[in-house]
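Subject: Structure for your files, with notes on aromatic contacts

Hello,

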Amino acid sequence: MTMRVQLPHLLVRAGTVSAFTLVALAGPVPGLGATAEAAKAPVPTKALRIAASKKGAPYRWGAQGPNSFDCSGLTRYSFRRAGRALPRTADQQYRHTRRISRAARRTGDLVFFHSRRGIYHVGIYAGGNRIWHAPKTGAVVRLERIWSHAVSYGRVR
């Protein structure tokens, strides 16, 4: 039994296989702790962590990752990596998600910014009235306070 625990752990350390691959193939391995827990996390939590891991990535209009993003590209990339498909644009993502109230919002829900002309921006709710998002040209993926009251919340199905 000791060899089963040590060998996968050594393979992960050596970079031969990722911890997620090991968990997917063999189930949780003792000694990998946080990685096994991360694999069991709900999709919205995984998507939030993925978005946060892109902190500092530059904004580029139309970019969908992995090294640069626009707003909907970041949300789409994050949820796809977490196991859920989202359409490409913020407006399409808005129509694809289930509306929820501000009081019912949870971390990992999408936050849609709107004007009279429609949805113009999207981010992933991080709690504490903050979102992870790719804001605009010249900026980078970052955690920021929600700056507007003209927002709607959507839960990815």
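Predicted model: local features only at pLDDT ≥ 70, side-chain atom pairs only at ≥ 80, totals over all residues.

Residues are numbered from 1 along each chain as its sequence is written, and side-chain values use heavy atoms, with hydrogens and water left out.

A search of the whole structure gives five aromatic pairs. Rings of Phe, Tyr and Trp (its six-membered ring) pair if their centres lie within 6.5 Å; planes under 30 degrees apart are stacked, over 60 edge-to-face, and the rest tilted.

F113 and W147 are stacked, because their ring centres are 4.3 Å apart and their planes at 10 degrees. F113 is in strand β2 (residues 110–115) and W147 in the loop between β5 (142–145) and β6 (151–155), so this pair ties together parts 34 residues apart in sequence. Strands (E, at least two residues) are DSSP runs, numbered from the N terminus. F113 is buried at 0% relative accessible area, while W147 is partly exposed at 44%. Buried means under 20%, exposed over 50%, and partly exposed in between (1.4 Å probe, protein chains only). Ring pairs also link F113, Y120 and W147 into a cluster.

Y125 and Y153 are edge-to-face, since their centres lie 6.4 Å apart with planes at 85 degrees. Y125 is in strand β3 (residues 118–127) and Y153 in strand β6, 28 residues apart. Both Y125 and Y153 are buried.

Finally, R99 lies over the face of Y94, 3.8 Å from the ring centre; the criterion is NZ of Lys or CZ of Arg within 6 Å of the ring centre and within 35 degrees of the ring normal.

Regards

Key:
Helix = DSSP H or I, 4+ residues; strand = E, 2+ residues; numbered from the N terminus.
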